[in-house]
Amino acid sequence: MKRRKFNDYMATTSRLTSLFCVSAMVVMTGLGAAAADDSPTMKMTTPTPESIMTPESVDTRLGTLNFFDGFPDDATSEKIYDNLDFMRGVESFLNAMPGASMEAFRIGLATQGADNNQSMVVFEDLMDSHSLFLTANTESIYSLMWLDTKSGPLVIETPPNILGFVDSHWFLYVGDVGNAGPDKGQGGKYLLLPPGYDGDVPDGYFVLRSGTYGNLLFIRGFLENGSTATAVENINKFLKVYSLSDASNPPPMEFINVSGKEFNTIHANDYRYYEEVNDIVQYEPSESYHPEVMGQLASIGIEKGKTFAPDERMKKILTEAAAVGNATARTITFKSRIKDAYFYPDGAWFTPFIGGSYEFLSQPGVRNLDTRVMFHYYATGITPAMAFKHVGVGSAYAAATVDADKQPLDGSKTYKVHLPPNIPAKDFWSFVVYDNQTRSMLQTDQQFPSIGSDKKDIVINPDSSVDVWFGPTAPEGHEANWVQTVPGKGWNVLIRLYGPLEPWFDKSWKPGEFELVQ
């Protein structure tokens, strides 16, 4: 009996030793199936598809990941969770960008005193490069106001002949006002309702419903004979915002001229980005944005009703995630791999409104994430009026970041662009130059880093074509058709066609590329 027990013990020990050796070989070589393949065959054992098994070790960009029969070891778990938090930090940076951009608007407007539902900033003398705004133009009279409905519905009375819209705190479209809105440019009364409002809605208003308490009212007025006077007068006379409860006796408005003022409306690109987004999450209803994105934010510690206070490990991860998120957004914008972004094969000109969808949908139910990132990193303003084709109405846009040889535009060099005859703009056209870093107007010795058909001394060729030069100094004899750049700085440009005509849309007319002169 004792010998039988001894023999059984030796047999068991032999089997265990063999199993240990085989397992060790699998870990060392990274080959073979999981340890379960070497387990005894039981009565209920069936063949297991290899595709659902996890190897003992896997070589990845994170390093080697080790498992015992599918169970991760401590080092693997640490790598995976660091990477998971990093990935969600990057995705949160990219997917919450619309809100971060809008929060930066709120903060910027507040620095100028426009944070009380009665104050509006107005660029009475146009916007110049002192103000940091994403790809703004130098031809519109911008008027902006932060609206907050936490205390109840707001009435908005609009002036005639404007293009305007209301966007939510997450930069989602709420509604158009003015020429593209239901008042058809005649001026009208709008009622902006807070989230979940179920009170009485009186007659006589165009009703706007937003998913957030905070909203941006963004208005563009138009030059008349080169003057801002009429647009500014209409804003001051007709624009009113007040609580519905004050409709019988509205308080006075305050209009703040911010032309030439130095202030910032652009979100952070470092760790502070997450703090900006957290402020939105804490202020707005949780259901005001996409649940998946809110879940991503919650996974990195940004959740409504909870303090955002990452520990040292998490703050380090998010600092790197912001750097990679910013680099990703910058690459998507300046070196897009989206073929549909480009107007012409092998050309530099691209559209920030890829697909013509203000919701960034490539087809029903499918959102083009890179398109959304490109737009919000480079531009502002969500409205169907900016994305759809409107012959002879509104404006059309094309951007360029590289020259004819696909090299980045360099402020130390001089370039020439040829606009062929019969430029398809019913009203006027313009170029505006932007700083690659800020995506705002390039700060040079010129107050307005732009040129267009409304410039009085611009030289037009006999066939109606136009040549424009961009460089650090004006080419001799072409001073009137020159926009200054800055040595040592990269830049990009937008061409705008106001009242774009059919040859722009059918591409029978196309702007020239940036040809290097010297």
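This is a predicted model: local features need pLDDT of at least 70, side-chain atom pairs count only at pLDDT 80 or more; totals for chains, interfaces and linings use all residues.

At 60% relative accessibility, Asn422 counts as exposed. That residue sits in the loop between strand E17 (415-419) and E18. Its backbone is of interest as well: Asn422 has a positive phi of about 60°, although it is not a glycine.

Asn117, another residue that is not glycine, has a positive phi near 65°. Is Asn117 buried or exposed? With a relative accessible area of 15%, Asn117 is buried. Its place is the loop between helix H3 (97-111) and E4.

That brings me to H3 itself. The helix has 15 residues, and the distance from its first C-alpha to its last is 21 Å, close to the 21 Å expected at 1.5 Å a residue. Eleven of those 15 residues are buried, so H3 is largely enclosed by the rest of the structure. The buried set includes Met97, Pro98, Met102, Glu103, Phe105 and Leu109. After the helix comes Gly113, with a positive phi near 95°.

Buried in H5 are Tyr273, Tyr274, Glu276, Val277, Asn278, Ile280 and Val281. Among the elements that cover these residues are helix H2 (74-95), H3, helix H6 (291-299) and helix H7 (312-334).

Helix H4 (residues 229-238) presents another arrangement. Its buried residues are Ala231, Val232, Asn234 and Ile235. Seen down the axis of H4, these residues fall within an arc of 160°, so they line one face of the helix. What do the buried residues of H4 pack against? They pack against four strands: E4 (119-122), E5 (140-148), E11 (214-222) and E13 (254-257).

Between E4 and E5 there is a loop, and Phe123 lies in it. At 0% relative accessibility, Phe123 counts as buried. In sequence, Phe123 and Ser259 are 136 residues apart, yet their C-alpha atoms are 4.7 Å apart in space. Setting aside neighbours within four places in sequence, the contacts of Phe123 include Ser131, Phe133, Ile141, Tyr142, Leu144, Val258, Ser259 and Phe263.

I turn now to empty space. Rolling a probe the size of a water molecule over the atoms shows where such space is left.

The largest pocket holds about 890 Å³ of space. It is lined by 37 residues, and those nearest its centre are Glu139, Ser140, Phe222, Phe428 and Tyr498. The elements that each supply at least two lining residues include strand E7 (163-168), E11, strand E18 (425-435) and strand E22 (491-500). By class, this lining divides into 15 nonpolar, 14 polar and eight charged residues.

The second largest pocket has a volume of about 400 Å³. Of the 23 residues that line it, Phe343, Thr351, Ala387, Trp504 and Phe505 lie nearest its centre. Helix H9, strand E16 and helix H10 (502-505) are the elements that give two or more residues to this lining. Its composition is 15 nonpolar, five polar and three charged residues.

How many cavities of 30 Å³ or more are there? The count comes to two. About 250 Å³ of space lies in the largest cavity. Among its 21 lining residues, the closest to the centre are Thr135, Tyr142, Thr380, Met386 and Arg496. Two or more residues of that lining come from each of E11, helix H8 (369-378) and E22. The lining comprises 16 nonpolar, three polar and two charged residues.

The second largest cavity holds about 50 Å³. Its lining includes Phe353, Tyr358, Phe360, Phe375, Met386 and Ala387. By class, that lining has seven nonpolar, three polar and no charged residues.

Thank you for your attention.

Note on methods
Residues are numbered from 1 along each chain as its sequence is written. Side-chain values use heavy atoms; hydrogens and water are left out. Buried means under 20% relative accessible area, exposed over 50%, partly exposed in between (1.4 Å probe, protein chains only). The arc is that of the directions from the helix axis to the C-beta atoms. Contact means heavy atoms within 4.5 Å. On a 1 Å grid over the protein atoms alone, a cavity is a set of points where a 1.4 Å probe fits but cannot get out, and a pocket is an open set with protein on both sides within 12 Å along at least five of seven lines; lining residues have an atom within 4 Å of a point. Grid points are joined across faces, edges and corners, and a volume is the space filled by probe spheres set on the points. Ala, Val, Leu, Ile, Met, Phe, Trp, Tyr, Cys and Pro count as nonpolar, Asp, Glu, Lys and Arg as charged, and the others, Gly among them, as polar. The expected span of a helix is 1.5 Å times one less than its number of residues.
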